[in-house]
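Here is a friendly briefing to read beside the sequence and the 3D view.

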Amino acid sequence: MKKSKGGSSFPAASSQGRTSSHPDSSGPRVAVAIMAAGKGTRLKSQLPKVLHEVGGKPLLEHVIRAAVRIVPAKDVYAIIGHEADRVRAALAHTGVNFVLQAEQRGTGHALMVAREALSGYDHVIVLSGDAPLITWETIGRLRNFHLEEQAAMTLLSADLENPTGYGRVLRKTVRSAEVRGIVEEKAASAPQKKIREINSGFYVFAVKELYGSIGQLSTANPHHEYYLTDMAEVLGKARQRVVAWKTANASEVLGGNTRAELADIDQQMRLAKCRQLMADGVTVFYPATCVIDADVEIAPDTVIEPYVQLLGKTRIGTACRVRSYCVIRDSEIGDGVIVRPGCVMEEARLGTGAVVGPYSHLRPGSEIGEGAHVGNFVETKKIKLGKGSKANHLTYLGDADIGAGVNIGAGTITCNYDGVHKHKTVIDDGVFIGSDSTLVAPVRVGKGAYVAAASCITDDVPEDALALGRARQIVKEGWAREKRAARRK
Ligand code: UD1
Ligand code: CA
């Protein structure tokens with residue numbers, strides 16, 4: 001996949017040709033500030049809003065991902081407040097900066113708090129941490145429009161079918177790019193409520209102009225908060241240029257304020273991912289039922305059946321079939337692999353042509369070799385199963401190194417745990433383990449050896465030997481008949 005950081009990859013639409021924020025370009029210094037301090041009252045949750053997940057990732061992480069394609073992470077500032085430590089810990093890996101808004105007194109206040117952090121920049125792109133569908137392309141276009149217009153404030157707007165709940169854009173005239181104000185839903189008059197052009201909550205500001213006037217924001221509104229949206233009017237009064245750029249991709253601006261909105265956003269992301277995979281040659285039957293995370297990679301001609309979850313960094317080769325009801329996380333699957341219904345996999349690796357399931361549970365560290373088979377109700381953990389080896393029924397294989405061409409009979413169990421330590425089982429190439437055997441680790445079964453069915457193996461088995469680890473059978477002729485007769489008396 002193409003990965004491009006910094007603004008250099010964005011096709012600059014600017015006539016000025018100075019829109020790149022790439023660190024070594026001579027263009028304006030551009031920062032991104034992401035407002036992410038709010039509590040998210042409407043979610044009724046212990047978890048801060050921006051840590052709620054859609055598409056397998058926290059809301060804020062999606063926004064950060066888009067931001068770092070516009071400017072380097074060192075120029076991204078996430079403004080956090082509610083449960084700040086938790087948010088910081090969850091997103092430290094992204095390498096962005098954090099600014100603390102200890103008390104959340106509104107979106108305008110969030111920017112007041114970031115004043116010092118942003119003082120070294122010419123422009124700041126302001127994003128909402130709860131609107132994860134925004135793409136870096138749209139952010140780039142908004143930035144370019146702002147620079148072309150030489151505006152003090154540029155807001156991203158969109159026409160929504162149902163604008164209820166959003167701030168409405170008040171243009172100077174219908175055709176004008178210039179905006180005279182933004183009116184929040186609660187303060188809007190009846191005619192204003194009919195305006196379908198909404199404020200997305202994404203902006204670009206000229207830093208000097210923003211901080212030159214931000215002190216004029218007031219809390220004279222129903223929430224007693226400093227609204228960043230009021231900057232449109234404040235800057236207008238200071239004879240600064242305030243414009244709006246309307247995106248045609250209205251769905252990108254949707255915010256996740258409620259659980260229902262989060263579910264909608266999640267569904268949109270999942271469908272988009274499935275469509276992308278299909279465009280790349282993967283068959284996804286009934287995509288609405290599949291949950292496929294953004295970073296999952298699948299090669300062409302692989303078929304994903306309904307009700308499959310592919311999570312984390314899972315990679316799947318070509319010409320595979322993943323049948324229904326599988327949940328696969330952070331796993332690597334080679335080419336031509338068949339995963340039968342109901343398998344659960346985590347951090348597992350499957351070689352070319354392997355066949356697993358139905359109902360196999362491959363836990364972390366399971367390496368299933370080329371053409372190997374793992375079948376019904378088989379659990380594996382930290383094992384290597386060599387080329388062409390088979391463990392087809394009702395088995396537990398843990399901490400085991402198993403060679404090629406091995407046959408593991410039904411019900412075989414590696415006893416790998418003594419209550420304190422884990423021990424290893426080694427099974428060399430070509431071994432045959434009879435059904436219902438227990439292998440008490442540490443133990444080794446040498447190349448080509450046989451273990452008789454129902455054996456309890458506690459000692460190493462030499463190469464090519466037969467090991468019988470069970471009591472000899474006793475037969476008592478007529479015993480049952482005599483017992484029945486005794487009962488009848
Ligand atoms: C905001 C806009 C509204 C717009 C909508 C788009 C304001 C006053 N209104 O409303 O015009 O249509 O977004 O989605 O800005 N936050 C902070 N600190 C705070 C308060 C909020 O960082 O003190 C963060 C929140 O965590 C959130 C973002 O700012 O990520 C937006 O706040 P939110 O309360 O969701 O604003 P909306 O009501 O959606
Ligand atoms: Ca919001």
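**Domains, ligand site and backbone**

The centres of domain 1 and domain 2, taken over C-alpha atoms, are 47 Å apart. This is a predicted model, in which local features need pLDDT of at least 70 and side-chain atom pairs count only at pLDDT 80 or more, while totals for chains, interfaces and linings use all residues. Residues are numbered from 1 along each chain as its sequence is written, chains are lettered from A and ligands numbered from 1 in the order in which they are written, and side-chain values use heavy atoms, with hydrogens and water left out.

**Domains**

- Domain 1 covers 3-253 and domain 2 covers 272-467; such bounds come from an automatic or database domain assignment.

**Around ligand 1**

- Ligand 1 is surrounded by 24 residues, where a residue counts if one of its heavy atoms lies within 4 Å.
- Gln101, Gly106, Thr107, Glu184 and Asn199 are the closest of these.
- By class, the shell holds 13 polar, 6 nonpolar and 5 charged residues. Here Ala, Val, Leu, Ile, Met, Phe, Trp, Tyr, Cys and Pro count as nonpolar, Asp, Glu, Lys and Arg as charged, and the others, Gly among them, as polar.
- Strand E1 (30-36), helix H3 (107-113) and strand E10 (197-206) each contribute at least two shell residues. Helices (H or I, at least four residues) and strands (E, at least two) are DSSP runs, numbered from the N terminus.
- With 3 residues, E10 gives the most to this shell.

**Polar contacts and burial**

- From the backbone, an N or O atom of alanine 37 lies 2.9 Å from a ligand 1 oxygen, and one of alanine 36 lies 3.4 Å from a ligand 1 oxygen.
- Ligand 1 taken alone exposes 760 Å², and the protein buries 89% of that; accessible areas come from the Shrake-Rupley method with a 1.4 Å probe.

**Backbone details**

- Glycine 357 and proline 358 are joined by a cis peptide bond, with omega near 0°; proline 358 lies in the loop between strands E24 (355-356) and E25 (361-362).
- The bond from alanine 441 to proline 442 is cis, with omega about 0°, and proline 442 is in the loop between strands E33 (438-440) and E34 (443-445).
- Aspartate 301, a residue other than glycine, has a positive phi near 70°.

How values were computed
Polar contact = N/O pair within 3.5 Å; in protein donor to acceptor, adjacent residues only side chain to side chain.
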